Amino acid sequence: MSVMIKESPISETAMIEEAEKALADISRVRDAVGRVIFGQEAVVERTLVALLAGGHALLVGVPGLAKTKLVETLGIVLGLDSRRVQFTPDLMPSDILGSEVMEQDEFGKRSFRFISGPIFTQLLMADEINRASPRTQSALLQAMQEYHVTIAGARHDLPSPFHVLATQNPLEQEGTYPLPEAQLDRFLMQVDILYPEIEAERRILLETTGVDEAKADNVLQPARLREIQTLIRRMPVPESVVEAILRLVRSARPGQGNAETDKHVAWGPGPRASQALTLCARARALYDGRLAPSVDDVRALAEPVLQHRMALTFAARAEGTSVRDVVAKLAKGI
C-alpha cells in the first residue's frame, strides 16, 4: 500500500513504540471521562478526536445533556488550564480578548498595559456561543485559526495547546444569533449530542442525585497531549484514504458532477474540510488502536466534519431534506 502523507520521517519501530504509549494514555483518558460522563460514547469519542487532532469542536444539543460537564471533565482529565465564558447578547469582544488600560507611574508618566482576557487559556469553553452577537463571535476567529490575537496592533500569542469547545442550543429562541459561516469553518467538527439511552439515564439518576458524586481525575499533562498531537500528524495516510476524502469533499460541492448535490446543496465545503477529515481520521484510528486510518474512518467522520460546512437550497429545505441526509448518501458512495 502506498503512502501519500507523512509529516516527517520516522522509523516503523519508533512509530509503534510511540503509538503504544499513546494508546495507553488515551485509554486512561477514556476511563477517567467515563467515570463522570455516562453513556454518550460517540460524543466523547468525537470530542476527544477533535482535541487529539489539535482542533476545536462545536457541541450542539438541547439543555441538560451534560455539554458543560463534558468540557469541564475534559479540562481536568487532560490537565489543561480551562476557563469558561458564558456568551450573552451584551458580551463584548474585549470581554473575551482583553483590553489595554492606561496606567500612571509615580513620576506621572502614563503608559498602556494589556490585561489579558479569558481567551488566554489552554481550553476555552464558549458556553451558548450563539447567544452573543456576530461581532463578539468573530473575536474568536483569529485565535482559532492563527493561535494569537492582535490588540492595538500588538500580537499576543495564546498558550499551547489551545482549544475551543463551544456549546450551542439548537432550539430557535429569542436572543440567539446563527454563527457566521467563517466561524463554523474554524470548528474541526460539529458534535451533535442526543438524548441518552435508558440505561445511561438510569445510571445518571442513581449516581448524580446522592451525597457523593463522581469527580474527574487528572491523568494527562498538556505537554503529553502535545506529543500525542504531533504523533498523529506523523501517522501515514494510505492513498485509498486520501482519494476517499477527496471524492467525498468534492462530491459535496455543487457543480462537480453529482446530481444529488446539485439539486440539494447551495454551497459546499472548502479545502479546510479535507484537512479536517485527514487529521480526524488519523486521530480516530489511534483512538481505536490503529496506526493508520481507513476509509471507514472517513465515513464515520463525514457527518461531524461536513454538516456545518454546507448549506441546502431553499427547495431542499422545503422538501424536508437535512444536511445529514445529504452527507449520509455521499458517504455511502466513497
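This is a predicted model: local features need pLDDT of at least 70, side-chain atom pairs count only at pLDDT 80 or more; totals for chains, interfaces and linings use all residues.
Helix α2 covers residues 41-52, twelve in number. From its first C-alpha to its last, α2 reaches 16 Å, which is close to the 16 Å expected at 1.5 Å a residue. The helix is mostly covered, with ten of its twelve residues buried. Among them are Val 43, Val 44, Leu 48, Val 49, Leu 51 and Leu 52. Glu 45, Arg 46, Thr 47 and Ala 50 in α2 are also buried. Just after the helix, Gly 54 takes a positive phi of about 85°.

A pair of aromatic rings is described by the distance of the centres and the angle of the planes. A search of the whole structure finds two such pairs. Phe 114 and Phe 120 form an edge-to-face pair, with 5.8 Å centre to centre and 70° between the planes. Phe 114 counts as buried because its relative accessibility is 19%, under the 20% limit. Phe 120 is likewise buried, with a relative accessible area of 13%.

Tyr 147 and Phe 162 also form an edge-to-face pair, at 6.2 Å centre to centre and with 85° between the planes. This pair links distant parts of the chain, 15 residues apart. Tyr 147 lies in the loop between α6 (141-146) and β7 (148-151), while Phe 162 lies in the loop between β8 (154-157) and β9 (163-168). Tyr 147 has a relative accessibility of 33% and therefore counts as partly exposed, whereas Phe 162 is buried, with a relative accessible area of 3%.

Technical notes:
Residues are numbered from 1 along each chain as its sequence is written. Side-chain values use heavy atoms; hydrogens and water are left out. Helices (H or I, at least four residues) and strands (E, at least two) are DSSP runs, numbered from the N terminus. The expected span of a helix is 1.5 Å times one less than its number of residues. Buried means under 20% relative accessible area, exposed over 50%, partly exposed in between (1.4 Å probe, protein chains only). Rings of Phe, Tyr and Trp (its six-membered ring) pair if their centres lie within 6.5 Å; planes under 30 degrees apart count as stacked, over 60 as edge-to-face and the rest as tilted.
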